[in-house]
Amino acid sequence: MADTDLLFRTDDSTDARSAKGPVLPANLEAEAAFLGAVLIDNKVIEELTTPLMADHFHEPVHQRIYERVLKLLDRNSVATPVTLKPYFESDEALKQLGGTTYLAQLTADGQGLLHPRELADQIYDLALLRELVSVGRNLVEGALDTSDEVEPLRKIEMAEADLYRVAEGATTGSEAQTFRKAAFGALEVVQAAMNSGGRFSGKTTGLDTINDKTSGLHNSDLVILAGRPAMGKTSLATNIAFNAARRLMDDLKTGIEADKSPGAGVAFFSLEMSADQLATRILAEQAEISSEKLRSGKLSREEFQRLSFASQELTDLPLYIDDTPALTIGALRTRARRLKRRHNIGLVIVDYLQLLQGSGRASDNRVNEISEISRGLKTLAKELHVPVIALSQLSRQVEQREDKRPQLADLRESGSIEQDADMVWFIFRAEYYHNATKPDTPDETSSEEVRMKYAEWEARHLELVNKATLIVAKQRHGSTGNVPLLFHSEFTKFSSPEVRNYEEYE
């Protein structure tokens with residue numbers, strides 16, 4: 001049977017011929033031939049490159065046969081017409097095909113052994129087409145519904161989500177996992193940590209002290225990065241985005257596969273800054289040139305050469321910036337799905353959460369709207385199986401306390417942010433608050449008391465300058481505590497201290 005014949009065959013069963021409307025794409029002969037190949041040689045399944053499941057078969061009898069074959073193989077048993085027979089003797093649908101003798105008929109000619117992978121690919125592709133038909137049917141039915149409760153934008157978002165699942169091959173949605181499969185996944189995470197020298201198992205932040213504390217950024221996790229204005233939230237987020245993307249770019253150039261790299265392609269949703277401003281900030285960080293110099297254009301020839309070199313070096317950086325303002329949480333999820341499908345992004349960053357909008361149903365209550373947004377971000381992390389970092393504002397009550405260190409209760413507008421988050425980070429720079437208390441600089445006429453007061457302030461300033469603390473206030477997978485960082489304000493760049501005296505950051 002030629003490959004082209006298999007591709008264009010459709011379901012020619014009696015039910016299909018009698019049904020009104022177009023026939024769903026299917027190839028029952030290909031399904032039978034593939035099942036025959038599997039029953040002759042069980043190793044066929046091990047050699048498949050397509051994630052074929054029982055639900056990908058169109059004929060219900062074929063679905064049940066393939067499902068039983070997988071169960072037998074999972075128990076290290078052999079799947080043959082003989083071993084399958086006891087499970088199908090009372091199958092009414094199989095009786096219409098000749099009973100258990102149909103199992104033997106599947107292996108009669110063995111044609112499927114000539115090209116089992118091609119057969120599996122066709123079964124899989126036709127299943128996706130059937131699912132696409134279903135999505136299209138639901139889309140048309142929804143579009144024809146003109147009742148008052150209809151929300152067109154919501155229907156578009158739902159259609160996008162359905163299309164994404166089809167593109168990912170999830171024709172039946174998410175299924176419950178056996179503990180066996182989940183345990184293997186857990187072992188892979190542990191192995192990744194071992195391969196990194198026992199340092200971290202998730203996506204890298206590029207900052208060793210954070211990686212040490214959190215073991216990296218983990219798939220499906222929602223990380224809230226919060227802080228008061230001027231603490232450096234956006235700077236830290238851009239640093240992490242660049243570091244993850246740079247690591248992936250470098251690993252790909254050395255032949256390391258993307259799924260083996262701790263780096264990641266990054267989708268950065270900047271609702272506050274434009275893409276040009278964000279790119280300028282990243283170039284300033286990497287070329288170590290003051291942002292003020294870049295804005296004013298007052299660069300030396302050597303500085304311009306550094307900037308030009310950094311720009312050329314980062315041409316292939318897998319960092320995608322979306323600066324669309326006033327996004328709804330539904331629109332953001334739609335755009336993230338597209339980036340995942342087109343560029344296989346491994347990290348999503350949102351700057352910042354309070355600038356997102358809800359669906360509109362809860363817009364009359366800001367607390368409910370923020371709750372909807374935080375749940376949507378957590379759902380996105382699980383759906384795309386990537387870490388999501390969302391920046392968040394803190395309430396002004398921080399400024400009213402003597403101790404300016406943020407706490408979980410300071411998260412602005414909704415306790416659901418804390419509830420939905422897997423990790424909550426606060427960025428804190430004592431230097432910023434200390435500078436606000438700077439006394440007047442003494443001169444020759446100043447009293448000894450004034451001089452002493454300024455000397456005390458200056459001594460404390462030297463202790464705090466360029467130091468920052470990342471407070472891990474919540475972590476589902478580990479302990480909380482303080483992470484020491486260095487902040488180079490002229491370049492808006494964070495780094496990890498070489499000598500990590502944690503007591504200085506308490």
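Entry on terms. I take a helix as a DSSP run of H or I with at least four residues, and I number helices from the N terminus. I also note that I am working with a predicted model.

Entry on salt bridges. I started with D250 and R246, whose side chains meet in a salt bridge at 3.2 Å, N to O. Why are D250 and R246 separated by about one helical turn? They are four residues apart in helix α13, so about one helical turn lies between them.

I then counted salt bridges over the structure and got 13. D91 and R64 form one, with 2.9 Å from N to O. This pair links distant parts of the chain, 27 residues apart. D91 sits in the loop between α6 (81-88) and α7 (92-95), while R64 is in helix α5 (residues 60-74). Is D91 buried or exposed? D91 counts as buried because its relative accessibility is 12%, under the 20% cut-off. R64 is partly exposed at 31%.

Next I checked E383 and R333. Their closest N and O atoms are 3.5 Å apart, in a salt bridge. This pair also joins distant parts of the chain: E383 is in helix α18 (residues 366-384), R333 in helix α17 (residues 329-343), and 50 residues separate them. E383 is partly exposed, with a relative accessible area of 25%. I traced a salt-bridge network here that links R333, R337 and E383.

I found one cavity of 30 Å³ or more. The largest cavity has a volume of about 40 Å³. Its lining includes R228, M231, L394 and F428. By class I logged seven nonpolar, no polar and two charged residues.

The second largest pocket holds about 430 Å³ of space. I listed 23 lining residues, with R228, P229, A230, M231 and K233 nearest the centre. Which helix gives the most to this lining? Helix α13 (residues 233-253) does, with three residues. The lining divides into seven nonpolar, eight polar and eight charged residues.

Entry on the surface. I looked up a nonpolar patch and found L129, L132 and L163, with about 240 Å² of accessible area together. L132 lies in helix α9 (residues 116-144). I log L132 as partly exposed because its relative accessibility is 39%.

Definitions and conventions. Residues numbered from 1 in each chain as written. Predicted model: local features only at pLDDT ≥ 70, side-chain atom pairs only at ≥ 80, totals over all residues. Heavy atoms only, no water. Patch = residues over 30% accessible without salt bridge, like charges linked within 9 Å, V, L, I, M, F, W, Y side chains within 5 Å. Areas by Shrake-Rupley, 256 points an atom, 1.4 Å probe, with all protein chains shown as cover. Salt bridge = Lys/Arg side-chain N within 4 Å of Asp/Glu carboxyl O. Helix = DSSP H or I, 4+ residues; strand = E, 2+ residues; numbered from the N terminus. Buried < 20%, exposed > 50% of the residue type's maximum accessible area, 1.4 Å probe, protein only. 1 Å grid on protein atoms, 1.4 Å probe; cavity = no way out; pocket = protein on both sides within 12 Å on 5 of 7 lines; lining within 4 Å. Points joined across faces, edges and corners; volume = space filled by probe spheres on them. Nonpolar A, V, L, I, M, F, W, Y, C, P; charged D, E, K, R; others polar.
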